[in-house]
Amino acid sequence: MDAKLVNPFIDAFMAVMPQIGFPTPKRKKLYLQDKNIIGKGVIVMVGFTKQMRGNVVYNMQEETAKFIASTMMMGMPVAEFDAMAQSAISELSNMLSANAATNLTQMDLEVDISTPNLTIGEGFSLKISEDQYLTVEMDLGGHDLDIAIAVDRNG
């Protein structure tokens with residue numbers, strides 16, 4: 001995996017989250033993992049194609065997902081992770097991934113993103129890469145969210 005492909009995702013998260021009402025995120029840890037990701041409660045996977053291939057996965061506990069959905073809905077309480085909250089999380093992953101794609105085009109890479117795929121469950125294993133991938137732990141106002149970046153240049 002090309003390390004230069006990681007920053008566009010971190011930059012997107014750091015730029016988009018404050019614009020939609022979140023506190024400035026803080027990067028906690030960065031580490032390599034192999035092939036599979038373990039679900040924390042809510043996972044959203046977005047695929048990348050064209051001159052770059054792979055996936056970015058947003059992995060968080062359900063409480064974090066409810067906090068994010070509530071903030072996106074102007075503070076409306078989110079007691080359960082229902083269809084509206086799921087839609088908000090999917091939309092956020094779409095916004096983050098589209099912003100990262102824009103950042104990647106500034107590196108002369110033409111990329112497309114897939115529709116977000118949201119999965120609910122804790123402790124399950126999901127294969128996101130044939131090789132190692134990088135996970136960036138982010139703190140969003142006391143709520144943790146992992147960004148797993150499993151992308152590489154095509155060809």
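Residues are numbered from 1 along each chain as its sequence is written, and side-chain values use heavy atoms, with hydrogens and water left out. Because the model is predicted, local features need pLDDT of at least 70 and side-chain atom pairs count only at pLDDT 80 or more, whereas totals for chains, interfaces and linings use all residues.

The protein chain contains 3 helices and 5 strands; these are DSSP runs numbered from the N terminus, with helices (H or I) of at least four residues and strands (E) of at least two. Along the sequence their order is α-β-β-α-α-β-β-β. The radius of gyration of the protein chain is 15 Å, close to the 15 Å that the globule rule gives for 155 residues, so the chain is as compact as a globular protein of that length. This radius is taken over C-alpha atoms, and the globule rule is 2.2 Å times the number of residues to the power 0.38. Taken along the principal axes, the C-alpha atoms fill a box of roughly 45 × 30 × 30 Å. Of the 155 residues, 46% are buried; buried means under 20% relative accessible area, exposed over 50%, and partly exposed in between, with a 1.4 Å probe and protein chains only.

The structure holds 6 salt bridges, each defined as a side-chain nitrogen of Lys or Arg within 4 Å of a carboxyl oxygen of Asp or Glu. One of them joins Lys 40 and Asp 146, at 2.9 Å from N to O. Lys 40 lies in strand S1 (residues 26-50) and Asp 146 in strand S5, so this pair ties together parts that are 106 residues apart in sequence. Lys 40 is partly exposed, with a relative accessible area of 29%, while Asp 146 is buried at 6%.

Another salt bridge connects Glu 110 with Lys 50, whose closest N and O atoms are 3.0 Å apart. This pair also links distant parts of the chain, 60 residues apart: Glu 110 is in the loop between helix H3 (83-105) and strand S3 (111-113), and Lys 50 is in strand S1. Both residues are partly exposed, Glu 110 with a relative accessible area of 45% and Lys 50 with 39%.

Within helix H2 (residues 62-72), Glu 63 and Lys 66 are 3 residues apart, which means that about one helical turn separates them. Their side chains meet in a salt bridge of 2.9 Å, N to O. Glu 63 is exposed, at 51% relative accessible area, but Lys 66 is buried, at 11%. Elsewhere, salt bridges that share partners join Lys 50, Glu 110 and Asp 112 into one network.

A pocket is an open set of points on a 1 Å grid over the protein atoms alone, where a 1.4 Å probe fits, with protein on both sides within 12 Å along at least five of seven lines; lining residues have an atom within 4 Å of a point. There are 11 lining residues, of which Ser 129, Glu 130, Asp 131, Ala 150 and Asp 152 lie nearest the centre. Strands S2 (52-60), S4 (117-140) and S5 (143-153) each supply at least two residues of the lining, and S4 gives the largest share, 5 residues.
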